[in-house]
Every structure is written in structure tokens, then in C-alpha cells.
Amino acid sequence: MPKFRDMLEYAAEIAPVIGAAHVNVHAAAARAVAELSEASDVTPGLLSDLRFVLPLRPLSRRDLAAVLRYGDPAEHAAAAGEHLREGTLTEDAGGLLLLTAKGAEFVRRLYELHETAAGQVWPGADLPGLAALVGRVLDAAERLPGGALDVVAPPYEPDGAGPGLLLFNRLAVLRYHRADAHAAAWTAAGLSASEIVGLADGPLRSRIEAETNRLAGQPYGVLNADERAALYEGLLRLV
């Protein structure tokens with residue numbers, strides 16, 4: 001008998017495991033990142049949140065809104081303004097935000113810290129195998145026009161990146177597929193971002209979560225049952 005009845009159940013079960021594995025690396029790197037920020041006089045902010053995007057392509061303000069859909073737009077604007085003042089981002093005549101040489105150097109060093117942290121918190125794991133499985137799922141994930149995944153995928157993967165770093169950032173980007181699925185579900189239910197945040201448990205939230213899991217389960221179909229089990233169990237061992 002399979003561990004998971006269907007893809008909906010699989011999506012529901014693997015989502016918190018992905019989140020926990022991703023957060024573990026952030027937590028392990030937090031002190032080193034704070035020291036880097038202080039030494040370089042650079043605010044991590046969007047450079048950290050969008051480290052897997054900015055080295056590859058510029059971002060519009062609309063892109064930022066899609067990725068940070070639950071936040072305060074005024075705070076997003078303030079964060080971008082801080083990076084512009086620090087010289088880690090620049091804005092072109094069309095309003096696109098681009099990484100500067102100073103910002104790129106910070107992201108490069110940030111990647112080094114994350115790779116070290118991944119090695120510390122995930123020792124002995126089959127990181128190459130897990131990174132490959134997550135990569136296949138990410139490649140199969142539907143990118144909705146105007147959605148967050150359409151902004152953040154594919155992630156920036158520098159030459160020579162180790163499997164721990166690849167897995168960490170692929171998991172980070174894959175989370176946006178579920179975020180888009182959730183947004184599609186609550187939008188179809190006639191809610192806004194602020195309304196879903198404040199929605200109490202009940203039949204409506206249950207329906208929204210079920211629809212979220214249905215949509216979020218789509219890319220895992222690229223894996224066979226054994227591969228899905230290997231991904232779930234492998235990630236579970238990382239938390």
C-alpha cells in the first residue's frame with residue numbers, strides 16, 4: 001500500500017518538510033550572514049530573499065509584488081529604496097531593478113555561506129540525488145503568468161555550486177509554486193491576500209487548502225512513486 005493515497009495528500013505532507021529543510025540552512029547561516037552584512041555595510045534584505053533571481057535577470061516592481069504578495073507594498077518600496085541608497089541595486093529608466101557589482105559580490109559571498117551551512121546541517125545525505133529530484137519537479141512546475149514562480153524560476157546556479165547549495169535554492173524556488181497555487185485557490189474563492197491571512201479555520205479554508213494541494217501536487221507527477229517516496233523521506237531526514 002503506498003504511503004500517500006494521491007498527489008493531493010503528497011503535496012500536503014511534503015510542503016512543511018520542504019519549509020523546514022529550507023529554514024534549517026537559513027538558521028545555520030544566520031550568524032555568518034549577519035557578520036557579512038556588518039562587515040560589508042550591506043543590508044541582506046531583498047539580496048537574500050531574491051538571491052536566486054537578481055544575478056540572472058532584472059525585476060520590475062510588479063515582479064516584487066508577485067513574489068511578496070502578502071507583505072506591505074510600502075515596506076517593499078522602502079526595502080528597494082534602501083538597496084538603491086546602498087548601491088547594491090540600481091534602477092533603469094524603465095523602472096527595472098538590477099544588481100550592481102557591489103550587490104553581486106554580496107550575493108556571491110552569501111552563496112558561499114549558504115553552501116557551508118548546508119554542509120553543516122545536512123552531513124551524509126544524498127544531496128546530489130535530492131537536488132536532481134527537486135530539479136525535475138521544478139522543471140515540471142507550471143508557471144502562471146504574473147505568478148511568483150514565473151519571476152523566480154529558473155534559479156541562479158553558479159558554476160561549481162555544490163549539491164547542498166543547489167538543493168537549498170531549488171527548494172526555495174519550489175516553495176513559490178505552492179504559493180502561486182494557494183493564491184489561485186483563494187482568488188477563485190473570491191478572497192484577497194489580506195482576507196486569506198485573516199481567514200479562520202472552517203469549511204472555506206479547508207476547501208481552499210484542498211484546492212491548493214491539488215494544484216501544488218501537479219509537478220510531482222513527473223516522478224514515479226518510488227522517486228516521490230525517496231524525495232519525501234530524503235528531505236525528512238534533513239530536518
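How do the residues of the lining of the largest pocket divide into nonpolar, polar and charged? I counted 12 nonpolar, seven polar and five charged. The classes are these: Ala, Val, Leu, Ile, Met, Phe, Trp, Tyr, Cys and Pro are nonpolar, Asp, Glu, Lys and Arg are charged, and the others, Gly among them, are polar.

Ground rules. This is a predicted model, in which local features need pLDDT of at least 70 and side-chain atom pairs count only at pLDDT 80 or more, while totals for chains, interfaces and linings use all residues. Residues are numbered from 1 along each chain as its sequence is written, and side-chain values use heavy atoms, with hydrogens and water left out.

Pocket. I noted a volume of about 460 Å³ for the largest pocket. Of its 24 lining residues, L174, R175, Y176, R178 and A179 are the closest to the centre. Two or more residues each come from α1, α2 (45–49), α8 (163–188) and α10. The largest share, eight residues, is from α8. Helices here are DSSP runs (H or I, at least four residues), as are strands (E, at least two), numbered from the N terminus. A pocket is an open set of points on a 1 Å grid over the protein atoms alone, with protein on both sides within 12 Å along at least five of seven lines; a cavity is a set where a 1.4 Å probe fits but cannot get out, and lining residues have an atom within 4 Å of a point. Grid points are joined across faces, edges and corners, and a volume is the space filled by probe spheres set on the points.

Cavity. I searched the whole structure and found one cavity of 30 Å³ or more. Its lining is L46, L50, L54, L59, L64, L89 and L97. By class that is seven nonpolar, no polar and no charged residues.

L99. I looked up L99 and found it in strand β2 (residues 97–99). Leaving out residues up to four places away in sequence, L99 touches L47, L54, P55, T88, L89, A104 and V107. Contact means heavy atoms within 4.5 Å.

Helix pairs. I checked α1 (residues 7–40) against α10 (residues 203–216): the axes come within 8 Å and cross at roughly 100°. That makes α1 roughly perpendicular to α10 (under 35 degrees is roughly parallel, over 145 roughly antiparallel, 65 to 115 roughly perpendicular, the rest oblique). Axes are lines fitted to C-alpha atoms, for helices over the stretch in contact, with angles from 0 to 180 degrees between N-to-C directions. M7, L8, A11 and A12 of α1 meet A210, N213, R214 and A216 of α10.

I then took α5 (residues 101–121) with α8, which pack at about 105° with axes 8 Å apart. This pair is also roughly perpendicular. Y111, H114, E115 and A118 in α5 meet G164, L165, F168 and N169 in α8. By class, this contact has four nonpolar, three polar and one charged residues.

Rings. I counted six aromatic pairs. Rings of Phe, Tyr and Trp (its six-membered ring) pair if their centres lie within 6.5 Å; planes under 30 degrees apart are stacked, over 60 edge-to-face, the rest tilted. F4 and Y232 have ring centres 5.0 Å apart and planes at 75°, so the pair is edge-to-face. F4 is in the segment before α1 and Y232 in helix α11 (residues 225–236), 228 residues apart.

Backbone. I noted a cis peptide bond from A153 to P154, omega near -5°. P154 is in the loop between α7 (148–152) and α8.
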